[in-house]
Amino acid sequence: MTKVLINEQLVEEHDANVPYNDRGYTFGDGIYEYVRVYNNKLFTAKPHFERLLRSAKEIGLELNYTVNGLIDLVQELIVANKIINGGVYIQVTRGAAPRDHAFPTPSVKANIMGFTKSYDRPYKSLDEGINAITTEDIRWLRCDIKSLNLLGNVLAKEYAVKYNAQEAIQHRGEQVTEGSSSNAYAIKDGAIYTHPINNLILNGITRQVIKEIAEQNNIPFKEEAFTVDFLKNADEVIVSSTSIEVMPVVNLNGEAIGNGKVGPITRKLQEGFTHYIENESAVPLEAER
C-alpha cells in the first residue's frame with residue numbers, strides 16, 4: 001500500500017486526511033517543494049529544502065524544521081514506497097483554524113504533508129524537444145516564493161494544452177519571465193539568456209545546476225531580461241524544472257525555433273546534467289537566500 005506523510009506520521013493512502021479548515025485548503029496559505037529521486041537517492045535535496053525554509057520565512061510561517069530534518073522525513077517516505085526513480089512532493093500549510101484572512105491568534109501548528117510518485121526520466125521529449133506557446137503572465141508579484149497559489153500557473157498550462165503545446169512561456173508586457181512550471185531560456189550566438197533572479201520568477205534548482213554546467217563549459221550565462229521577439233528569434237530555446245530537467249523547445253507558437261531540431265548547446269547542457277545526476281560526489285548547490 002502507498003504511504004503518505006501526514007505530520008511526521010506515515011499513513012496508508014486511504015487514511016491520509018487533512019482538516020476541512022486547513023488554511024492551505026481555504027486560502028492557499030502554504031508552501032511546497034518537489035524533489036527528484038534518481039536511483040534511490042534524493043537529487044539536490046539541500047537547496048530544495050533551503051528554499052522551502054526561505055519560502056516559509058517570507059510568508060511568516062513558523063516551521064520548526066532543519067534542512068536535515070526535512071531530508072530525513074522524505075527519505076523515510078521514499079524508502080516506505082520503494083521509489084527507485086521518481087519524485088517526492090512536500091507541502092506545509094499554516095495549519096487548521098477558523099476561516100479568517102488574518103493569521104490565527106494564537107498561532108496554530110503547521111500541517112506538513114508529503115507523497116511520492118514513480119516515473120522515469122522523460123527521454124523521448126529530451127531527445128526530440130517539445131512545443132511551447134507564449135502567454136501573458138497574470139500571476140502575483142512574489143513568484144520567488146514557492147507558494148500554493150498556483151491558479152495563474154494552472155491557467156497558463158491549460159492554455160498550452162489547448163493549443164497542443166507542453167509548456168506556456170509567460171511574459172509581462174514584452175518581457176519574458178518563465179514557464180508555467182519551469183524556468184525559460186533563449187540561446188543566441190552561443191550564449192544562454194534567462195531572466196534575472198528577482199520577485200518575478202522562481203530561482204529554480206535545476207536553473208542553478210544549468211548555470212553551473214554552463215560555467216564549467218565556458219558557455220556565457222547571461223541573467224538578463226529579454227523580449228518575446230528575442231525568444232522567437234533565438235537559435236535554441238529550453239525550459240527547465242525538477243521534473244523535465246533540461247528540456248528543448250523546438251516549436252514556439254507554431255513556428256520552428258532555429259532549424260526545428262535540438263541544438264548543440266542544449267545537448268551540451270543535457271550531457272552535463274546527466275553527468276551531474278550520475279556524479280554523486282557533486283557538491284550540493286546552495287540555494288540563494
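Ser-55 is buried, with a relative accessible area of 1%; buried here means under 20% relative accessible area, with a 1.4 Å probe and protein chains only. The residue sits in helix H2, helices being DSSP runs of H or I with at least four residues and strands runs of E with at least two, numbered from the N terminus. Leaving aside neighbours within four places in sequence, Ser-55 is in contact with Ile-31, Ile-145 and Lys-146, where contact means heavy atoms within 4.5 Å.

A word on the model before we go on. It is a predicted one, in which local features need pLDDT of at least 70 and side-chain atom pairs count only at pLDDT 80 or more, while totals for chains, interfaces and linings use all residues. Residues are numbered from 1 along each chain as its sequence is written, and side-chain values use heavy atoms, with hydrogens and water left out.

Now step back to the whole chain. It is divided into domain 1 (1-119) and domain 2 (122-275), with bounds that come from an automatic or database domain assignment. Taken over C-alpha atoms, the two centres are 26 Å apart. At the interface, 24 residues of domain 1 are in contact with 17 residues of domain 2. The two domains bury about 1,700 Å² between them, 58% of it on carbon and sulfur atoms; this is the accessible area (1.4 Å probe) that the two parts lose on being put together, summed over both.

What holds polar interest here? Between the domains there are two salt bridges, each a side-chain nitrogen of Lys or Arg within 4 Å of a carboxyl oxygen of Asp or Glu. Asp-144 forms a salt bridge with Arg-54, the closest N and O atoms being 3.0 Å apart. On the side of domain 1 that touches domain 2, the elements giving two or more residues are helix H1 (23-27), strand E3 (30-38), helix H2 (45-58) and strand E5 (86-93). The largest share, eight residues, comes from E3.

Finally, have a look at Glu-245, which is in strand E14 (residues 245-252). Glu-245 counts as buried, at 1% relative accessibility. Its contacts beyond four places in sequence include Arg-36, Tyr-38 and Arg-121. Glu-245 and Arg-121 are 124 residues apart in sequence, yet 8.4 Å apart in space, C-alpha to C-alpha. Their side chains make a polar contact at 2.7 Å, that is, a pair of N or O atoms within 3.5 Å, one able to donate a hydrogen and the other to accept it within protein, with residues adjacent in sequence counting only if both atoms are side-chain atoms.

Terms used. Buried means under 20% relative accessible area, exposed over 50%, partly exposed in between (1.4 Å probe, protein chains only).
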